[in-house]
Amino acid sequence: MKTIFSPDQMLHAPQFEVSDGKLEPAKEIPSRAQMVLDRLKAVQFGEIIEPRSFSLDPILKIHASDYIEFLSDFWRLWTEEGRTEQEAFPFVWPVRQLRTDIVPDQIDGKLGHYSFDAGTPMGPHTWTAVRRSAETALTGAAMMAEGARSAFALCRPPGHHAHKSFFGGYCFINNAAVAAQYLRDHGAKRVSVFDVDYHHGNGTQAIFYDRADVQFLSIHADPKVEFPYYLGHADEKGVGEGEEFNLNYPLPHGTPWEVWSRALEEGCASIEAYKPDVLVVSLGMDTFEKDPISQFKLKSEEFNLIGERLAKLGLPTLFIMEGGYAVEDLGVNCVNTLTGFRQR
Ligand code: OKS
Ligand code: ZN
């Protein structure tokens, strides 16, 4: 299995995030990708290749053009308004009765319009890294369209919280959604996206919610007690043509493998019934027992079992990296998953 990665993805290097209302050290940092690269090399997992370049077209099939323009112009606007902080945080949002049909001119107004949380700083090189991360996912999708049986897109920044026109949860472009759409546009009739990150993939769910051609499944901490709080409940099943093609498995804090793996089984059974041409896995390792921001109890060896179970589906599979913040163990947990998959 080949890994796709570009060092440009390291250019997004936030120092801080607003977490639970406090300024804290940033968690979604370049060393995450480095730990995975180091482990891939240590076990000689396979070739690591640079992503290809893509026009913005495949990204604009998922994201609104004004949003992508905002992301790509952001740092110029920020400095033109005389702001000198090295990272920008939104702090005001157009919730409920406030208007979203007019985009403010002022940069803080824009930041709130195009985001849903304050935990996702933007810096001078965020756009470069974000676009390259999406190209990493797109390269994986292109390799699958060209006949690869599997690929690993080492995406960073991650993507699954990003909606059509707003960022949040460390995510800017929804890499998995962009990849799934690319696969649809290059021969796949049906695509399943299985999100095994600790957090609900609210962006991916919302993007495909009314569609029957992309099935979305997510195992995650119950949003009643966990970020992203406002999406990811079990009764969200899709709308219109998309009805029954959205499947959420919210689980309580403290969930161990014995319980988590039952949701994995159920999800796999639904994927088998859907009969997709290709599987996209939103791979988060923040289900790990020692993850600093999460409350599930998966052990390092159990990540191999995730890979093994997914392999049993017998589908061409594109892995796309999402979260995971126990940096010391992240490489092992990630490569364990990929190894479990390959050993089948
Ligand atoms: C603040 C929590 C912010 C959580 C962001 C989640 C990022 C992630 N205490 N998504 O999968 O890993
Ligand atoms: Zn996560």
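The protein chain of this predicted model has an average pLDDT of 98, and 100% of the residues score at least 70; pLDDT is the predictor's confidence in each residue, from 0 to 100. The model scores ipTM 0.98 and pTM 0.99. Local features need pLDDT of at least 70 and side-chain atom pairs count only at pLDDT 80 or more, while totals for chains, interfaces and linings use all residues. Residues are numbered from 1 along each chain as its sequence is written, with chains lettered from A and ligands numbered from 1 in the order in which they are written.

Helices are DSSP runs (H or I, at least four residues), numbered from the N terminus. The axes of helix 8 (residues 257-274) and helix 9 come within 11 Å and cross at roughly 15°; axes are lines fitted to C-alpha atoms over the stretch in contact, with angles from 0 to 180 degrees between N-to-C directions. Helix 8 is therefore roughly parallel to helix 9, a term for angles under 35 degrees. Trp257, Ser261, Leu264 and Cys268 of helix 8 meet Glu302, Leu305, Ile306 and Arg309 of helix 9, contact meaning C-beta atoms, placed from the backbone, within 7 Å.

Helix 9 (residues 300-311) also approaches helix 10 (residues 327-342), the axes coming within 6 Å and crossing at roughly 30°. Helix 9 and helix 10 are therefore roughly parallel to each other as well. Residues making this contact include Phe303 and Leu310 of helix 9 and Val332 and Phe341 of helix 10.

Around ligand 1 there are 15 residues, of which Ser19, Gly169, His199, Phe227 and Gly323 come nearest; a residue is included if its C-beta atom, placed from the backbone, lies within 6 Å.

Key
Helices (H or I, at least four residues) and strands (E, at least two) are DSSP runs, numbered from the N terminus. Angles under 35 degrees count as roughly parallel, over 145 as roughly antiparallel, 65 to 115 as roughly perpendicular and the rest as oblique. Two residues are in contact if their C-beta atoms, placed from the backbone, lie within 7 Å.
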